[in-house]
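Here is a short tour of one fold, written to be read with the viewer open.

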Amino acid sequence: MYYSAIKYNDIANGIGVRTVLFVSGCRNHCKGCFQPETWDFCHGNPFTKETENEIIKSLDSVYIKGLTLLGGDPFEPENQKVLLPFVRRVCRECPTKDIWAYTGYVLDRDLIPGGRCYTEDTGELLSYIDILVDGPYIEEQHDITLKFKGSANQRVIDCKKYVQDGIITEVL
């Protein structure tokens, strides 16, 4: 897996000050995407153990609330395979930090068994995510007043609740 950027001390992609990993690779190609360069699965730098270590170290700071995964798309099958062991590590080594993820896929359509991006890793990966922002960016539904999402169709979901009882509960 490649990544486009890592932002430390970010306040735009989840509640609180966060470390944000922008993975590379996305097949959605949303019209008006703010980072079309991340559609390329080989854009940026390889995601290495050293990269993981840097992110884990950044999460040690008391003022960092958590980690956000976005891209590209963390739920592209290739990215899930690499992100799952990393997210396991984050949860093990930084248990007080929360995890947000953004995907252009729809949770209850594309990330369920038989869905477009469901893999053997999807269920476990979702189990580690606290908040999932799902749905493609739709330029015609863009609204700058929305919190933590770009278009009105997107949902900010309590992923822990979804994994526990299968009910989609939007927050914010």
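The sulfur of Cys-42 has its closest cysteine sulfur in Cys-26, 15 Å away, which is too far for a bond. A disulfide would need the two sulfur atoms within 2.5 Å. Cys-42 counts as exposed because its relative accessible area is 52%. For Cys-91, the closest cysteine sulfur belongs to Cys-94 at 8.8 Å, again too far for a bond. Cys-91 is partly exposed, at 25% relative accessibility. How many disulfides does the structure hold? The count is 0. Please keep in mind throughout that this is a predicted model.

Now to the sheet. The sheet is open and has 7 strands in the order β3-β1-β2-β4-β5-β6-β7, with mixed pairing. Which are the edge strands? They are β3 and β7, each of which pairs on one side only. Helix α1 packs on this sheet and touches β1, β2 (17-23), β3 and β4 (64-71). The direction of α1 makes about 15° with that of β1.

| Strands | Sense and bridges | Residues to find |
|---|---|---|
| β2 and β4 | parallel, 7 bridges | Val-17 opposite Ile-64 in β4 |
| β4 and β5 | parallel, 4 bridges | Leu-67 with bridge partner Ile-99 in β5 |
| β5 and β6 | parallel, 3 bridges | Tyr-102 opposite Val-133 in β6 |

Is β4 mostly covered or mostly open? It is mostly covered, with 7 of its 8 residues buried. Strand β4 runs parallel to β2, joined by 7 bridges, and also pairs in the parallel sense with β5, over 4 bridges.

The structure holds 3 aromatic pairs. One of them joins Tyr-3 and Phe-47, edge-to-face, with 6.3 Å centre to centre and 85° between the planes. This pair links distant parts of the chain: Tyr-3 lies in strand β1 (residues 2-10), and Phe-47 lies in the loop between β3 (45-46) and α1 (49-59), 44 residues apart. Tyr-3 counts as buried because its relative accessibility is 11%, and Phe-47 counts as buried at 11% as well.

Another pair is formed by Trp-100 and Phe-148. Why is this pair called edge-to-face? The planes of the two rings stand at 70°, with the centres 5.2 Å apart, so the pair is edge-to-face; the angle has to be over 60 degrees for that label. Here too distant parts of the chain are linked, with Trp-100 in strand β5 (residues 98-102) and Phe-148 in the loop between β6 (131-134) and β7 (155-158), 48 residues apart. Trp-100 is buried, with a relative accessible area of 2%.

To finish with the rings, Tyr-3 and Phe-47 are linked by ring pairs into a cluster together with Phe-86.

Conventions: Residues numbered from 1 in each chain as written. Predicted model: local features only at pLDDT ≥ 70, side-chain atom pairs only at ≥ 80, totals over all residues. Heavy atoms only, no water. Phe/Tyr/Trp six-rings, centres within 6.5 Å; stacked < 30°, edge-to-face > 60°. Helix = DSSP H or I, 4+ residues; strand = E, 2+ residues; numbered from the N terminus. Buried < 20%, exposed > 50% of the residue type's maximum accessible area, 1.4 Å probe, protein only. Pairing = 2+ DSSP bridges. Contact = heavy atoms within 4.5 Å. Axes fitted to C-alpha atoms, helices over the stretch in contact; angles between N-to-C directions.
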